[in-house]
Amino acid sequence: MSTCWSERESSGWCPTCKAQKSIIDGLMGQPTYKDVTTLVIDFDADKPLLKHYKVGMQSTLIAYKGDKEIGRSVGDTTKAGIEELVKKTVH
C-alpha cells in the first residue's frame, strides 16, 4: 500500500491527507491487515518516487498485491472506500 502526501500535509496542513492518515493508521492496527506494508511517499520531497509510481496528485493511495498494482484512489477520505482498497491487498 503506497500513500502519497507530505509529512507537513499529513500533520495538519491538508485535511484530506490528515483524514487518510488517521484511517490508514487505524486499519493497519487491525489483525486483518498485519501483513500489509505501508509506504509513505513525501509529495514535496520524493519527486523521483512520484514519477516511478505515476502519481500526479497528493492524497493518492495505491494498492499492490506483490509487485502488481491492483487499485488506486485519489482524495478518498471515507473509511469504507479506503478499507475496500486495502482489502484488495490481502484477498
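Let's start with Glu83 and Lys79, whose side chains meet in a salt bridge, at 4.0 Å from N to O. Keep in mind, everyone, that this is a predicted model. Both residues belong to helix H4, which covers residues 79–87, and they sit 4 residues apart, about one turn of the helix. Now, is Glu83 buried or exposed? Glu83 is buried, because its relative accessible area is 16% and the cut-off for buried is under 20%.

Next up, then, Asp25 and Lys21. Their side chains form a salt bridge with an N to O distance of 2.8 Å. Here again we have a helix: both residues lie in H2, residues 15–28, and the spacing is 4 residues, about one turn of the helix. On accessibility, Asp25 comes out at 45%, so it counts as partly exposed. Lys21 is partly exposed too, with a relative accessible area of 29%.

My last pair is Asp35 and Lys34. These two form a salt bridge in which the closest N and O atoms are 3.2 Å apart. And are they buried or exposed? Asp35 is exposed, with a relative accessible area of 63%, and Lys34 is exposed as well, at 61%. Both values pass the cut-off for exposed, which is over 50%.

As for why such contacts turn up, side chains of opposite charge can pair when their charged atoms come close. Thanks, everyone, and I'm happy to go back to any of these pairs.

Key: Residues numbered from 1 in each chain as written. Predicted model: local features only at pLDDT ≥ 70, side-chain atom pairs only at ≥ 80, totals over all residues. Heavy atoms only, no water. Helix = DSSP H or I, 4+ residues; strand = E, 2+ residues; numbered from the N terminus. Buried < 20%, exposed > 50% of the residue type's maximum accessible area, 1.4 Å probe, protein only.
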